[in-house]
Amino acid sequence: MLNIDAPTTRASLPFDRLVTALKNAFASGCEAPLRHSHTVTATPGEPGTLLLMPAWNAASGYMGIKTVCVYPGNHGRKLPGLYSTYILYRAETGKPLALIDGNEVTSRRTAAASALAASFLCRADASSMLVLGAGRVASLLPYAYRTVRQIRRVAVWDIDTGQAHRLVARLCADGFDADVVARLDGDACAVDIVSAATLSTEPLIRREYLRPGTHVDLIGGFTPAMREADDACFDGTSVFVDTDEAFRKAGDLLSPIANGVIGPEEILSDLAGLCRAEHAGRRSAQEITVFKAVGTALEDLAAAAMCFEAVTNH
């Protein structure tokens, strides 16, 4: 069994090819049971969470499982709060093929899936974006989006302004016209794309900030308690999801649904429907589109298989 480290995983998943791989994976589909979530009480008063995300595809011949360990108390131990691994198998036999860095798989497939959705949902002439967050996933979003649109101007907001400035410096070095915004308001959101990858539990994006024609990308929140947009962002806008799991997991959707702002039947399509051309995506230049993602094991499997094949020259 191969052991594929973080730098090799990163180099094996360039965004242009990864976006295409995800598009093909969503179009063809796979078996992806709901993720398992378990509370681990090994440390008194500081429970951890173990997530298990399996998937398999008989046509491709691959099966895999991602494990994610989330330990908020690690901050006090000067350790990362999250560890992730991915094990790839032969679907026909269960033979282990590779142990792959799960953090790189997760962050890169998340950014690529966001860009894939935007290829259907943001305007063709989109060239500017606001990124909420400056962490592992958020820092990748401009690079992923640049493979599907001519992104030139990037504004960055983060609760940690020092981290936001560090990301802006890197973006400028890589050819973007980037700067830091100190507050989220109508001026900050006067862009073509607003993309949020935070762990916020309070809405950061408000409908009053958005211009007609904006694409709103919500990929940070993955629990009922997490929020990145207010209910009004879902009122009269065109709403899309990555999978129907978003209805059960995402606070950004659970709240407006519970408050009668939008019904589940008003969600226009999931990402598979977009990739299969069952829905055309954006319909007008003035339309506000909203994409809510919680992630799916399908994306992990597609990224892991692409990484394995790149390393083994299959």
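Author: One term to start: buried means under 20% relative accessible area, exposed means over 50%, and partly exposed is in between, using a 1.4 Å probe and protein chains only. This is a predicted model, where local features need pLDDT of at least 70, side-chain atom pairs count only at pLDDT 80 or more, and totals for chains, interfaces and linings use all residues. Residues are numbered from 1 along each chain as its sequence is written, and side-chain values use heavy atoms, with hydrogens and water left out.

Reader: OK, so is R109 buried or exposed?

Author: R109 counts as buried, because its relative accessibility is 5%.

Reader: And which side chain does R109 meet in a salt bridge?

Author: That's E299, at 3.0 Å from N to O. A salt bridge here is a side-chain nitrogen of Lys or Arg within 4 Å of a carboxyl oxygen of Asp or Glu. The pair links distant parts of the chain, with R109 in helix 3 (residues 102–121) and E299 in helix 9 (residues 297–312), 190 residues apart. Helices (H or I, at least four residues) and strands (E, at least two) are DSSP runs, numbered from the N terminus. E299 is buried as well, at a relative accessible area of 2%.

Reader: What about E287 and R283, how far from N to O?

Author: Their side chains meet in a salt bridge at 3.4 Å. E287 counts as buried because its relative accessibility is 9%, whereas R283 counts as exposed at 56%.

Reader: Switching to strands: how many bridges join strand 4 to strand 5?

Author: Nine, with strand 4 (residues 62–70) and strand 5 (residues 82–90) running antiparallel. Two strands pair if DSSP finds at least two bridges between them. T67 stands opposite T85 in strand 5.

Reader: And which residue in the hairpin of strand 5 and strand 6 takes a positive phi?

Author: G94, with a phi near 80°, in a hairpin that has five residues between the strands. Strand 5 and strand 6 (residues 96–101) pair in the antiparallel sense over five bridges.
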